[in-house]
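I opened my notebook to look through this structure piece by piece. Below are my entries, in the order I made them.

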Amino acid sequence: MKRFLATIASAAMLFAYAGTAGAAAQQKPIQVLLNGEPVQFAVAPAAIEGKTFVEFRSLFVALGYEVAYDAGIKKITATSSGRTIEMTVGADAAFVDGSAVPIDNQLRIEKGRTLVGVRFIATLSGKDVAWDAAAKTVVIVDGGPTAEQEAAVFALLDKMQAAEEAWDYDATIALFSDDSPLREDYSEELAATWDRLRTKTTILEKKIVSYSAEETVLETAEENVKTGGTGFSPDARVNYVYTLRPAANGEWRIYNLQVVNFVATNVPELFEQAADVPAEEATALRAVLDRQIQALQEENLDDYLATMHLDDAGMKEAASAQIRQLFDTSDSKMTIEKFVVADYYDTNRATILFEAVTEVQVAGQTVKVRSVMANDAEKRDGTWLLDPVAIPLENEQL
């Protein structure tokens, strides 16, 4: 599958908790963590007869249920997309999807509050539960999938590779959920490069890090290699985090996709793959890069921003803040050592590739780095402008 480069550097614009010492362990309040996040309760969790009890509504809501409470008969009905739990104070059993489960005094009223045993409810909900005695913390995490559920998740990767091998545009886009924030941009990017690029993806490692019926998080290590076409695409080893959600037919789809590590593996060869571009266009593309570097060294914010296309007001504001911070905290000098137009198409879109040595003075110290960067560009009203997101392919501290 072709990965659009903006995803690789989505957070790469060019440029809590503090414990209180001295509290005795027995004075610490009980805390409940769900997948690493604290659950907030209307009343503090309590230890009763060696078990942790919590206010029922907050726990059920945190676990993804809608909750109804009949105060007259003191009955709780909690419903999620995966199950329904019914419990009544004083009853011998709870009912999970209609099947009786011994309640073992895990629902009770204390000081006018209806409390439930946190381990009991979390376990009924398919979660794994542990008690950290030193931190007085109940730790709840999503339970692992069964072998069948795991196979259904991994089937998405098989479909991804099959669609890529067949170079099936419709099948590739169908891998994304209808509400995915990436679907539209990915569809446009794929369409733009459809006739100009072929790649092959190999899944090196795959692991489900959290699983529920509503959402699953999958981590992979993948090798992506260009196999044909004139489009620019570096060979790379990439670590992805997929957020998956089920479609109406129950099959998993990609809701979100994040790159957590990207290592280009063929950087020297990329400089030998210059695009067929008119000399005047190559000169103009080099000129806009030189203008940006000059603005960087002169710390001229307006001139720097003028070298980029910033259609979105939010992006312009974020770029301005980051560049201003760079100017305020450091002095930079950049020298271009290699430059090539790596891709050129539709006469108004290009990708430049350059190697630069940057000296940065911060807090009285000088740091020198050699970097290889890829930057998309668009011609607008006859002028080439750079994408605000540049892709770092290689960095080496000198």
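This is a predicted model: local features need pLDDT of at least 70, side-chain atom pairs count only at pLDDT 80 or more; totals for chains, interfaces and linings use all residues.

**Entry 1**

I began with strands S12 (residues 127-132) and S13 (residues 137-142), which pair antiparallel over six bridges. A reminder from class: strands of a sheet pair through backbone hydrogen bonds, either parallel or antiparallel.

**Entry 2: a four-stranded sheet**

Next I went for the open sheet with the order S3-S4-S11-S10, where the pairing is antiparallel. Which strands are at the edges? I found S3 (46-48) and S10 (107-110), each pairing on one side only. From one strand to the next, the twist averages 45°. In the S4 and S11 pair, residues 51-55 run antiparallel to residues 113-117, and three bridges join them. Valine 54 is the residue I marked there, as it faces valine 116 in S11.

**Entry 3: helix H4**

How far apart are the end C-alpha atoms of H4? I got 28 Å for this helix of 20 residues (147-166), and 1.5 Å a residue also predicts a span of 28 Å, so the two agree. I then listed the buried residues of H4: Val153, Phe154, Leu156, Leu157, Met160, Ala163 and Glu164. What covers the buried residues of H4? The cover includes helix H5 (169-173) along with strands S14 (198-211), S15 (216-228), S16 (236-246) and S17 (252-264). Just past the end of H4, I noticed tryptophan 167 with a positive phi of about 50°.

**Entry 4: arginine 253**

Is arginine 253 buried or exposed? Its relative accessible area is 14%, and the cut-off for buried is under 20%, so arginine 253 counts as buried. I looked for polar partners of its side chain. A polar atom of the arginine 253 side chain lies 3.0 Å from the backbone oxygen of alanine 174, and the side chain also makes a polar contact with the side chain of glutamate 251 at 3.2 Å. Beyond four places in sequence, the contacts of arginine 253 include Leu156, Lys159, Phe176 and Thr243. Leu156 was already on my list of buried H4 residues.

Definitions and conventions:
Residues are numbered from 1 along each chain as its sequence is written. Side-chain values use heavy atoms; hydrogens and water are left out. Two strands pair if DSSP finds at least two bridges between them. Helices (H or I, at least four residues) and strands (E, at least two) are DSSP runs, numbered from the N terminus. Axes are lines fitted to C-alpha atoms, for helices over the stretch in contact, and angles run from 0 to 180 degrees between N-to-C directions. The expected span of a helix is 1.5 Å times one less than its number of residues. Buried means under 20% relative accessible area, exposed over 50%, partly exposed in between (1.4 Å probe, protein chains only). Contact means heavy atoms within 4.5 Å. A polar contact is a pair of N or O atoms within 3.5 Å; within protein, one must be able to donate a hydrogen and the other to accept it, and residues adjacent in sequence count only if both atoms are side-chain atoms.
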